Structures are given as structure tokens and as C-alpha cells.
Amino acid sequence: MSTALREAFGNASSTHQIGQAARQRLEAARASIARFLHASPAEFVFTSGGTESNNLAIFGLVRNLPGPKKHVITSITEHPSVLEACRQLEYEGVAVTYVGVNANGWVDCGEIVRQLRPETVLVSVMHANNETGVLQPIAQIAEALRGAGQKIYFHCDGVQAVGKVPVDVEALSVDLYSVSAHKISAPKGIGGLYVRKGTPLRGIQFGGRHERERRAGTENVPGAIAFARAVELCDRNSITHFVNLRDQFESEMLALGEIEINGGAAPRLPNTSNLLFRGVSGEGLLIALDMKGMAVSTGSACSSGSVEPSPVLLAMGRSRDEARSSVRFSFGRDNSRAEVQALIDAVRECVTRLRKTSRVERPVYA
Ligand SMILES: Cc1ncc(COP(=O)(O)O)c(C=O)c1O
């Protein structure tokens, strides 16, 4: 990216040579990312990231479709950039159904079919959940929608899945697929949306005719180049590497006792492990690990000064206490086995200490 900042700083929409050099690099990046997703370059729109891609997919399609009555189906464990977009659609008069998930975080394809209405225009279900890594049955949902007897567009938020599992938009049979570069070690501020040829998507921001009139605004060429490079570095070896790290981590953690894997019985991303540590505050564990230089997440949102338990875990039937005792660990391409062992040792020590302290502090009632 730093080379690109020096060599491809031109405006890709300018006709001079510096602009055209940037255009060439941008189109090469687009072709590379499209190939990775099994799409054609014209079907890939660069955006600023996953949030924008999800907004573009949902509003760009639904607002552009005719009809006084429109209905959208999504799931309650989607990322806020889908859920909040759907809430805004409701404000604009569109009916939205939020389907639930089972104890393993799985969306039931049959439930989506049962919720279909003659005015259903869009279904949006994520490929992999950002908190648990649970993989949704995307190809199965797409097949059910194809058999629905009416055209229903299918959007999939693939932000967490790219680089962790193979992604083929043809095999998944989706119409719209959101991606974000910073989830695969590229810089923040660049992402994209796959738009199947023929999908009636209209841009949601207005200005120049960039990105085939689907996304106005001067393109982020260095970001696109970095995104393409990050995609080229994703390979099957890194997927095996993730599985090894996660399995090493989970088997040692489970041996500690009173630990469960959230979504453990569902197909999951190979790099994500969301663990429930009974008798331990997730926030407490996060802080203790942070002091040791290890960054994990509780998946809880901090609103009005209070730490809310994760809505994703609550949707899976976990109690508020169980959700508050859960922590998400995710491994990166550059993590080594030795680092995972250091993490295991640190978690073991912190959990033992936190369990002791909380047991002492907890009042005992006869
Ligand atoms: C599943 C999912 N969708 C969308 C987003 C938003 O992506 P971005 O941060 O690129 O806006 C995220 C970010 O964490 C995510 O995990």
C-alpha cells in the first residue's frame, strides 16, 4: 500500500496519464478480488467497508424496487449495519421480519420460507457471525428462495467469512455479497459489494458516475490495491493454520472445566472461538488479558455507561449472566502456535484467579 500511495496517487477518473495509471491499478485490483469471489469484475463495486456495503445492498435494492408494499426478511443475529438499516427501512414503511436462531446460532431455512409473503423482495442473512463464527446455511437458503415462485433477492453479509472459508458467490447463489478488507489484514476504509449482473441496484449516494453509477465518489486506489494483495495472500494453507490454532486452544480450554463453546455444535469459522467461562466475568477476563498484551472481545455493547450482554448470545438462548461470562477469541494469519500456548497459559491463570475472587466476594446464602 505504501508503494501504491507513491505510485498510484492519481485520480482514477482523470484522463491524464497519472490518472490512467491509477485506473489500471484499480481495475487490476477489482479483477483480482472478483476472481477470488468467483464473480466478474463488472459485478464488484468498491466501497469504504462492510457497513457501507450492507447499506448499499439493502437500500440500493429495496428503495429501487417498485410496489407500495415491500417486505424484507433478516435474522436477529445480523451485524448492526444490517439490523439498523432494516430498522430504517421500517421507518420508511417497509415491513421487516426478524427470524430467530436456534441454540447453536443457526438460522432455520424453513422459518425463512414460512415467513415469505407475496411482497417479499429481499432476504438478508450473514455468511458467518462476527461474535460466534457460526456459518449460516447460505446455499440452502438461496435454493429455497429460488423455489419460492417469485423473485426474491438474496443479500449475504460475508464480511467475516472472506479469507476464513472459501467463498464462491456462484455456488452460494447470492445476488449481493458484502466484503470488508480490514478483516483480512488490509487497511480500514476499503471494502466492496458483489452485485450479480441484472440486480436492480441503484446507488445511495449521489455525485459522480463512479463504479458504474453504483457508488459516487473518487475511488480509494491504494486501498483497493492493498485489498487485492490481502486477497491474494488468503489461501487454503491459512485456513488449515486457523483450524490447528483453534483446535489447540479449544481442547486445552475445555480441559479447564466449566467452559462451553458458544455455537460449538454448528459449523463455524476456523479462526473464531466464543467461550462461556462459568463463574467468570467476561469483562474481567478481557481486562486481565489486556494487561498481558492479549486482545480479546466480549461482544457486548457499551451503551449509556452499562455493559450490555451480547444480543447474539441472548438470541441463542443464553441467560444474561451466561452472555456476560462469554469471551470471543479470534486468531489471525500471523499468530503462531507458541502465541496460542501463551494465550492458553494466560487464560488458565486469569480464569483460576477470577473464579477464586468472585467465589470469595459472592455472598453465600444458606
Ligand atoms: C459481520 C460484519 N458485518 C459488517 C461489519 C462492518 O464492517 P466495517 O467495519 O468494514 O464497516 C462487520 C465489522 O465488524 C462485521 O463483523
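Predicted model: local features only at pLDDT ≥ 70, side-chain atom pairs only at ≥ 80, totals over all residues.

Modeller: A helix here is a DSSP run of type H or I with at least four residues, and helices are numbered from the N terminus. By that rule, residues 210-213 form helix H8, and Glu211 lies in it.

Rolling a probe the size of a water molecule over the atoms shows where empty space is left. The search of the whole structure gives one cavity of 30 Å³ or more. The space in the largest cavity is about 30 Å³. Its lining is made of Glu52, Leu56, Ile204, Gln205, Arg214 and Arg215. Sorted by type, the lining has three charged residues, two nonpolar and one polar.

Glu52 sits in helix H3, which covers residues 50-62. Is Glu52 buried or exposed? The relative accessible area of Glu52 is 15%, and the limit for buried is under 20%, so Glu52 counts as buried. Leaving aside residues up to four places away in sequence, Glu52 touches Thr47, Gln205 and Arg215.

Now back to Glu211. Its phi is near 50 degrees, which is a positive value in a residue other than glycine. Glu211 has a relative accessibility of 6%, so it is buried. Ser173 also has a positive phi, near 60 degrees, and is likewise not a glycine. Ser173 is found in the loop that runs between helix H7 (169-172) and strand S6 (176-180). The relative accessible area of Ser173 is 24%, so Ser173 is partly exposed.

Asp157 has a polar side-chain atom 2.7 Å from a nitrogen atom of the ligand. In the side chain of Gln160, an N or O atom is 2.8 Å from an oxygen atom of the ligand. His182 places a polar side-chain atom 2.9 Å from an oxygen atom of the ligand.

Note on methods
Residues numbered from 1 in each chain as written. Heavy atoms only, no water. 1 Å grid on protein atoms, 1.4 Å probe; cavity = no way out; pocket = protein on both sides within 12 Å on 5 of 7 lines; lining within 4 Å. Points joined across faces, edges and corners; volume = space filled by probe spheres on them. Nonpolar A, V, L, I, M, F, W, Y, C, P; charged D, E, K, R; others polar. Helix = DSSP H or I, 4+ residues; strand = E, 2+ residues; numbered from the N terminus. Buried < 20%, exposed > 50% of the residue type's maximum accessible area, 1.4 Å probe, protein only. Contact = heavy atoms within 4.5 Å. Polar contact = N/O pair within 3.5 Å; in protein donor to acceptor, adjacent residues only side chain to side chain.
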